[in-house]
Amino acid sequence: MSIVIILILASLSVGLVFLGAFIWSVRSGQYEDTTTPSLRILADDPQPKISEIKIKLK
Amino acid sequence: MSQEVLELQMPPAREEPAGAHHASAHNAGAQYAGAQPGGGRYASAQHAGGQCFHCGELCRAASFALEGRSFCCLGCQTVFSILTASGLDQFYQLQTSPGVRIRASSAAAKWKFLDDPSVQEKLFDFADDNKAKVTLFLPAIHCVACVWLLENLFKLHPGIGKSQVNFARREATITFAPTEIKFSELAALVTSIGYEPQLTLGETEKAKPSPLRKKVWLQIGLAAFGFGNIMLMSLPFYFGLDSINGPWFKTIAGWLSLAMALPVVTYSASDFWLSAWAGLRQRVLTLEVPITIGLAAIYCSSIVEVASHRGPGYCDSLTGLIFFLLCGRLFQKKTYERLTFDRDYKGFFPLSVVRKVAGHEESIAISRLKTGDRIILRNGELLPADGCLISGKACMDYSFVTGEAEPVQFDAGARLYAGGRQAGGAIEVETIKPVAQSYLASLWNNEAFRKTTDNDFDSLTNQYSRRFTKLVVGIALCAGAFWLFKSPATSLKAFTSILIVACPCALALAAPLTHGTVQRLLARLKIFLRNGLVIERMAKVDTIVLDKTGTLTMATVGGIVFHGNKLSHEERNWIVSLAKHSTHPNSVRLASLPGAAALPVAAFKETPGCGVEGDVAGHKILLGSQSWISNRLDKVTHKADGTAVFVAIDGKFRGSFALENTLRPEVEQLISKLQGRFELALLSGDNEREAARFEKIFGDRFTLNFNQSPADKLQFVRELQKAGRTVMMVGDGLNDAGALRQADVGVAVVENTGAFSPASDVILDAAELARLPHVLAFARSAARIVRAGFIISALYNIIGVSIAAAGLLQPMVCAILMPISSATIVLFSCGASAWAARRSGLISQPHTSIRQAAEAVTQPETLLQPS
């Protein structure tokens, strides 16, 4: 019967990992704007990398 | 490489490609405002016709050319050269003609005021010595290429760092080094490539976006986590399988569920608790009150059940309920956010003004303008405060304020009222009142504008929820009392289970979902509603007041009649050729007359506010106002009503073009459809010269009032309301603003939805005016759908409450009944709204089906996105 306990714990911990990932994604602002990324991907040029930007902004 | 790419991108035949249509739709407002730098130079360019490579707009007969591509104006050509020089020509690959028509060439001096630290403090998101971050509202953003170009802004100037575009909000967040590029230079740069930032008083005073949105997502995520995992543990109980694991399983599952439900009840549902509390403090039974009573009842009885080892509790239903409620809320919020258009009048005022101090000019923030300051107004600029004309010839366009389309001329010493737009040369004005006290501001500060339109105390939902709460608590008490005598053990269970099962989740979902779907469907037709409550009020409308200028008539096309000696085909062609060189609205209309290819014009000269002159094919042509032509030639006795352009050829007066404000083609049909059901009235700020025409359309049953000031219009609407009528006001601009706000439903008819939207309840694209009767019918259906949703919800509640009152409620019954009632309401609200839209004739294409409505619910992004 203890196998059920292990299963519950396993499923819960997986759930918690995803909850944590979700909270992180919300906090990092990924839900602020859900339209622009879908357009941005249409431009095949790679997005500007920080290193490419000519000035160094501290 | 880039050169080849561009060759491939050369427009093939350019017979209205999709992109061009796209660009022109977005540039409708700029169409006639486009600057034509260096008027006289047109004649020399040989390029004829074609579309501008940058913005896709049709080039005037003579246009600019560079590297084999033609451009409609110097601005577009400049942008093209900036972009190719910086290796940003991929811009043109992303979309055919993605650019925005360049208006007046951007003078860096215009943005000087942005270097004022007090202005910067208001606008910057963040700033320190070597880095500043600013979010600019760029209304011109309209396609993929815009996003790409603005995010590659750093290639244009070394002082610019990362920039990020928010397409939905038309905003770009730009990081830059103020030591290398001043804010004013940044603004000028962004303007020079076609994205003029819109910085207004309203914008600077606007609070920064709150982190509320993040909270909503976190709440939903947490509720979904709780709902899913508790459901997983509850499944064995639904099928009676829990006993296989032994009696301890029930206890463990119960406590785990309670633990997972705790953050859902406290954090995810916090908004419900707060608004229920706020409602109770104001002694209002809002919808949140029964919801929170239900939540508390479910959670408390679950604790009791688990603690007494009787069962696993009802946490599955509880978290599911909160999850569905939050989804409904998110849907509602997203709809509102996307359709926000309630702009303040301040949005129409400029942010800066040129002040003249001790002989030199400086650009200052408008809030610093004081009485007695001398300001310089150039062509097209708005007068921010009442003033006295010191020098120059004022030609004020008061169409915002009075509705009169013709500009009024003033000489030095005249008093000018705020809200006028100068057309013509620069004038100097001394302000005699501060900004806030001026005429326009006082009109907008009228009580009507302060009315809280979002007061939803009387909304259908709240009416029902008040009754609902009383009824449910009443039934619960009765059932409890009944069982107290019969079987005291069942009494408490019956009482709590009634509160549990009677949770008005369906009630909470019916209105937001129906209204949201209606708003989305209408938004696709370029009809925008302020919020869902507008639909309820629209359903009750019985009187419609229509404004004339700009609403029933339009000033841009056709309706040109010539009075005088008949002009030969050639002469007409000369006039059109000359008119093409001016941006004055009347010239633009004359230029739209059919004619052969434009002829070159020499010695072109425009006298602002008076007329234009030039030599065409060796003939001297004058086009202008009566007084101007009279001054240039002999006295002209010829009379003309309304807007007219007088014509003289080779020093001889020939006659006048009467520019009628043409009726929109759909007006007669619109009136005939409306007059059966509604009481109608016409109000116009214009004079009575067109009265007969409208009497014919309206018949003699309805009121037609002319020479109405904005205050008269407001008063008229108020009188109707006093007589117990529910009034819809259909108007166009700021001059109707008072009446629009006073009316129960204010409908603003606009030519360009992005350009101008007074604070009204509904914004209707002028092209969709004919749909107004359908919209009204749709609103009535929507109100019925909401009521039907309430009835469905009531049926579920009756079943649930009967079971609960009998003391037979099991967790499984609860877990099935509650999600099913929510799901039924979701499907019914969205499906029935889409069906009603088709039935009311709003959407004729069969592709708008229930499936699409469902997509609209699941993918809120797809709707307002330009295709």
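Mentor: Let us begin with a helix pair: Ile293(B), Gly294(B), Ala297(B), Ile298(B) and Ser301(B) in α12(B) meet Thr496(B), Leu499(B) and Ile500(B) in α17(B). This is a predicted model, in which local features need pLDDT of at least 70, side-chain atom pairs count only at pLDDT 80 or more, and totals for chains, interfaces and linings use all residues. Residues are numbered from 1 along each chain as its sequence is written, and chains are lettered from A and ligands numbered from 1 in the order in which they are written.

Trainee: Why is α12(B) called oblique to α17(B)?

Mentor: The axes of α12 (residues 288–307) and α17 (residues 488–501) of chain B come within 8 Å and cross at roughly 130°. Angles run from 0 to 180 degrees between N-to-C directions, and axes are lines fitted to C-alpha atoms, for helices over the stretch in contact. Under 35 degrees counts as roughly parallel, over 145 as roughly antiparallel, 65 to 115 as roughly perpendicular and the rest as oblique. The α12(B) and α17(B) pair is therefore oblique.

Trainee: What makes α19(B) roughly perpendicular to α28(B)?

Mentor: The axes of α19 (residues 532–539) of chain B and α28(B) cross at roughly 105° and come within 8 Å, so α19(B) is roughly perpendicular to α28(B). Their contact has seven nonpolar, no polar and two charged residues.

Trainee: What makes a set of residues in chain B the largest nonpolar core?

Mentor: A nonpolar core is a set of buried Ala, Val, Leu, Ile, Met, Phe, Trp, Tyr and Cys residues joined through C-beta atoms within 7 Å. Buried means 20 or more other C-beta atoms within 10 Å of a residue's own, exposed 12 or fewer, and partly exposed in between. The largest such core has 124 residues, with Leu318(B) and Ala782(B) among those with the most contacts inside it. Helix α28 (residues 772–805) of chain B gives the most to this core, with 14 residues. A second, separate core of 48 residues includes Cys72(B) and Val134(B).

Trainee: How much of chain A counts as buried?

Mentor: Of its 58 residues, 3% count as buried.

Technical notes
Helix = DSSP H or I, 4+ residues; strand = E, 2+ residues; numbered from the N terminus. Nonpolar A, V, L, I, M, F, W, Y, C, P; charged D, E, K, R; others polar. Contact = placed C-beta atoms within 7 Å.
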